[in-house]
Amino acid sequence: MIFVAVGTQLPFNRMVDTIDRWAKANGRKDIFAQVGDTETPPRFIEWAKFLTPEEFEERLDQAEVVIAHAGMGTILGALLKGKRIIVMPRLARLHEQRNDHQTATAQRLSERGLVDVVLDEAELEPVLDSLENTDTKTAACISKYATPELIGAIETFINNGNVSGTLDVPRALPSRPAYPIRAAGVDTLQVVMLAGAIRPSPLRQAAMRPLATLPLDEHTTVLDAWMQWLGQFQRDTDVLLVINQEADLERLEACAAQAMQRMEDGPHVRIVRDPVDWRGSAGVVADLRETFAFPDAPVVVIESSCLPPLDYRGLLDPLLGDAEVVIGATVDCAPAGVCVLQPKTLDVVPDIGYFDLKEQLIPSIRKRGQRVCSVEVTDCLTRIRTLESYITAIQRWAMRYAPPKSMGLHHQATGRTVLDRGPRLGTCIIEAGAEVSSDAVVHDSIILEGASVHSGAVISRSLVASGVLVQANERIVRRTVGGNDQARRKIEHAGRSGNREQKVAVS
Amino acid sequence: MSAKKRVLAVASGGGHWVQLLRMSPAFAEHEVIYVTTIKGYEDEVAPSRLHVVHDASRWDKIGLLRMFLRMAWIMLCERPHIVITTGAAPGYFALRLGKLFGAKSIWVDSIANVDELSMSGRLASKHADLFLTQWSDLACDGGPEFRGSVL
């Protein structure tokens, strides 16, 4: 059963009609819609204008999926019952709501994994089509009442007339003494940044460039982000960027040169080819030992296709004690994409064969009775591997560097623009050198240099790679276009434009 | 254990109401009187009393006047010690009227306002004794405080 709800205020025909058409096309009979006070009720699904609270509860209980406007009443109701909820925000410019707060609310709640968001009818249809396959998806569930902090604060205020102190909001990790003082024994750092993968991810193939060169905002690539992170140590740093495909060389070189140029006295980057295939991460690091500029310095090993952790402090301290390996960890003890080794630990690595860092090197060091310790450096690891994870990384990056209280600055800093100032929504990156028509709608998407997007096109939660041409009025939703995808797309596109001509002929 | 107080809990129907009820354990041990804009919520809050006021938006001046008068009447009858509200228009009126009758007021801005405070929240900010936002990044000195959320 699918339960559609538009809330108690205005009707929301844009959403209901889409579902109505879809129900007709797919012969679905198990849909019920609460449609508000509309003059054009749906024709192919059951409906009611309004529901009493009891009826509403009952419909929620029967539903497997709830599709609703992004109103808090419906969202909270569905979450309380542990139902999966897909929300479509009302838009002010279509007079569906006084302002666009629903778009912002929906996005914030979706970042917390509570709701799925579709921004318009075009996005809703593919989601409806996919419902069949994903009905096992577990929905978020929330507790019956507000957080204990909120209830406690109100309770105290009612009883005592005031609330003392302030609530500690964990914004950043607890501060530790700054590095130049603590890890005074460490003057240099040797960094090995792994920029290749045994099997390139689909995102890598579509984008046609190494993941480390992808942009996180208009001015920063993933590599830049890591260089900034390394810069915080204030140490002489030699960075070896390891690739395993010759094809990656040119772009990474350009990207590294740019990164070094931006940071005066920043780390120095050299790009090296992975000497032997199938050597494993620890194997690669050990093989490169001869080329280290600082052979005695601690070795920092970085997975470059991750977002750098929030913090860097504390990572070197254990080395001054007796630790041989320090693993950067997330607050829930997962690896955070970075670890630091004493160079002599690499003696363990055999000269030939596959040897992994996390699964072989670290366990064997522990087995020898040497100390391995972990230091919390971030809240969670954001690994860039798929389109979705890349978009998440961009959003996290934007949030991390956005001044929290000034939205104006926030938009400026992250390239975010609000709805009624132009057709760019959410967190979009349009690289310099990409041509995007001013009336093309771009939402939470990445347009790489050399791509061109014609007028009237809609691009939503997608990546458009270099050299791709998006035709006028074309819709690209939750896809990567580029690389190997291009040939297939041409065929698809030919098919679709054929359909459009037919429709025109009929009308 | 402090004395039992009369708490007037006000919210317009829909999302604001659901959020208000999620905070209800905070005032469960006091005498609670609810005010909303939609009939049919009685069962949810029984045995507490529920008053219904006329619903109106900021453009419906006559509707607002009706809401205001009804709220004033409720205030006269109930004489609450505390007014707590999540918004919108009825909450604003209740908060201002409550002040006249000497009640302490709590405004919890709706969780739907993620980027900025609601219009009624901004109006109410000067008059609320405890003014809370549900998003930590909206909290600031001289503005709303963050002390948790309904979610």
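This is a predicted model: local features need pLDDT of at least 70, side-chain atom pairs count only at pLDDT 80 or more; totals for chains, interfaces and linings use all residues.
User: How much area do chain B and chain A bury between them?
Analyst: The contact draws 49 residues from chain B and 43 residues from chain A. On the side of chain B, R22(B), R147(B) and L151(B) lose the most area to chain A, together 22% of what that side buries. Of the area buried between the two chains, 64% is on carbon and sulfur atoms, and the total is about 3900 Å².

User: Which residues form the salt bridge between chain B and chain A?
Analyst: The count between the two chains is one salt bridge, whereas 10 residue pairs are in polar contact across the interface, with both residues at pLDDT 80 or more. A salt bridge requires a side-chain nitrogen of Lys or Arg within 4 Å of a carboxyl oxygen of Asp or Glu. The closest N and O atoms of the pair are 3.1 Å apart, and the residues are R108(A) and D137(B).

User: Which element of chain B gives the most residues to the side that touches chain A?
Analyst: Several elements of chain B each supply at least two residues to that side, among them helix 2 (42–45), strand 4 (82–87) and strand 5 (104–108). By class, the side of chain B that touches chain A has 25 nonpolar, 12 polar and 12 charged residues. The element that gives the most, with five residues, is helix 1 of chain B.

User: Why do strand 3 and strand 6 of chain A each have one side without a neighbour in the sheet?
Analyst: These strands belong to an open sheet of six strands in chain A, which has parallel pairing and the order 3-2-1-4-5-6. Strand 3 (46–48) and strand 6 (116–117) of chain A stand at the edges, so one side of each is left without a neighbour, as each has a single partner strand.

User: What angle does the direction of helix 1 of chain A make with that of strand 1 of chain A?
Analyst: Strand 1 (residues 2–5) of chain A pairs in the parallel sense with strand 4 (residues 65–69) of chain A over four bridges, and I2(A) stands opposite V65(A) in strand 4. Helix 1 (residues 13–26) of chain A packs on the sheet, where strand 1, strand 2 (31–34), strand 4 and strand 5 (84–88) of chain A are touched by this helix, and the angle with strand 1 is about 155°.

User: How many residues apart in sequence are the parts that D37(A) and K49(A) tie together?
Analyst: D37(A) and K49(A) form a salt bridge, with the closest N and O atoms 3.2 Å apart. D37(A) lies in the loop between strand 2 and strand 3 of chain A and K49(A) in the loop between strand 3 and helix 2 (53–62), so the parts tied together are separated in sequence by 12 residues.

Methods:
Residues are numbered from 1 along each chain as its sequence is written. Chains are lettered from A and ligands numbered from 1 in the order in which they are written. Side-chain values use heavy atoms; hydrogens and water are left out. Contact means heavy atoms within 4.5 Å. Buried area is the accessible area (1.4 Å probe) that two parts lose on being put together, summed over both. A polar contact is a pair of N or O atoms within 3.5 Å; within protein, one must be able to donate a hydrogen and the other to accept it, and residues adjacent in sequence count only if both atoms are side-chain atoms. Ala, Val, Leu, Ile, Met, Phe, Trp, Tyr, Cys and Pro count as nonpolar, Asp, Glu, Lys and Arg as charged, and the others, Gly among them, as polar. Two strands pair if DSSP finds at least two bridges between them. Axes are lines fitted to C-alpha atoms, for helices over the stretch in contact, and angles run from 0 to 180 degrees between N-to-C directions.
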